[in-house]
Amino acid sequence: MIRKILAASAAAMFAAAPAIAGNIAPPLAVSGMPAPVSDWTGFYAGLNTGIFAPGGGVAWEGGAHAGYLYDTGDFVFGAEIAVNYVPVLPITSVAADVILGYDAGSVMPHITLGNTYFFGPNDFGVAAGAGLSVKASENIILTGRYRFNYVVVPAATAHQGILAVSYRF
């Protein structure tokens with residue numbers, strides 16, 4: 001009988017051992033560095049260069065741009081005005097675009113929709129594009145963008161490949 005009591009006591013003691021060990025401190029959570037907070041909100045201005053391909057030709061273009069972006073956390077909304085000059089043709093254009101982008105930290109893929117007025121031939125057109133902006137620092141933004149222009153009258157198209165450097169204020 002004593003053997004049965006000792007065996008039952010030993011079994012109960014071993015079964016209750018995890019309940020007794022409740023004072024052990026929980027493991028510390030390992031925290032890495034917090035993710036950097038990137039904000040695209042603000043005015044910016046800069047210079048751009050690229051190729052301008054109306055019809056079947058290809059020419060170099062250069063210009064300046066300025067705009068404003070507003071970062072909501074996930075999405076970035078903005079507007080930009082650019083003046084470009086194509087010396088070979090010679091054509092000067094003024095473009096106004098609305099920008100919708102995705103805030104992926106220091107990278108922002110985006111689409112554009114706007115219009116362009118071409119001085120020289122005096123043509124007005126609509127435009128759409130897509131690009132990628134990358135923050136080299138909190139104030140320097142590098143952008144690559146494709147822009148498709150459609151001139152209404154006379155019906156014509158032009159493609160632009162744009163590389164831009166901007167300073168964010």
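User: Why does Asn122 count as partly exposed?

Analyst: Its relative accessibility is 48%, and the label goes to values between the cut-offs for buried (under 20% relative accessible area) and exposed (over 50%), with a 1.4 Å probe and protein chains only. So 48% lands in the middle class. Keep in mind that this is a predicted model, where local features need pLDDT of at least 70, side-chain atom pairs count only at pLDDT 80 or more, and totals for chains, interfaces and linings use all residues. Residues are numbered from 1 along each chain as its sequence is written, and side-chain values use heavy atoms, with hydrogens and water left out.

User: Where does Asn122 lie, and what is its phi?

Analyst: Asn122 is in the loop between β5 (107-119) and β6. Its phi is near 55 degrees, a positive value in a residue other than glycine. Strands like these are DSSP runs of E, at least two residues long, numbered from the N terminus (helices are runs of H or I, at least four residues).

User: What makes Thr112 buried?

Analyst: Thr112, in strand β5, has a relative accessible area of 5%. That is under the 20% limit, so Thr112 is called buried. Leaving out residues up to four places away in sequence, Thr112 touches Asp97, Val98, Ile99, Ala127, Ala128, Gly129, Ala130 and Arg145; contact means heavy atoms within 4.5 Å.

User: Ala128 is on that list. Is Ala128 buried or partly exposed?

Analyst: Partly exposed, because its relative accessibility is 34%. Ala128 sits in strand β6. Apart from neighbours within four places in sequence, its contacts are Thr112, Leu113, Tyr146, Arg147 and Phe148. Ala128 and Asn149 are 21 residues apart along the chain, yet their C-alpha atoms are separated by 6.8 Å.

User: How do you know that β6 and β7 pair?

Analyst: Two strands pair if DSSP finds at least two bridges between them. Strand β6 (residues 123-135) and strand β7 (residues 140-151) have 11 bridges, in the antiparallel sense, so they pass the test. One of the bridges joins Leu132 to Gly144 in β7.

User: Which strands does β1 pair with?

Analyst: β1 pairs with β2 over 11 bridges and with β8 over 11 bridges, both antiparallel. Ile51 shows both sides: its bridge partner in β2 is Trp60, and Gly161 stands opposite it in β8. β1 and β2 also form a hairpin with 4 residues between them, where Gly55 in the turn has a positive phi of about 60 degrees.

User: What does the whole set of strands make?

Analyst: A closed barrel of 8 strands, running from β1 through to β8 in order, with antiparallel pairing. On average, neighbouring strands are turned by 25 degrees against each other, direction ignored.

User: How many cavities of 30 Å³ or more turn up?

Analyst: Searching the whole structure gives 1. A cavity is a set of points, on a 1 Å grid over the protein atoms alone, where a 1.4 Å probe fits but cannot get out, and lining residues have an atom within 4 Å of a point. The largest cavity has a volume of about 240 Å³. It has 23 lining residues, and the closest to its centre are His65, Glu80, Thr143, Arg145 and Ala164.

User: Which strands supply at least two residues each to that lining?

Analyst: β1 (42-54), β2 (59-71), β3 (75-86), β4 (91-102), β5, β7 and β8 (156-168) do.

Key. Axes fitted to C-alpha atoms, helices over the stretch in contact; angles between N-to-C directions. 1 Å grid on protein atoms, 1.4 Å probe; cavity = no way out; pocket = protein on both sides within 12 Å on 5 of 7 lines; lining within 4 Å. Points joined across faces, edges and corners; volume = space filled by probe spheres on them.
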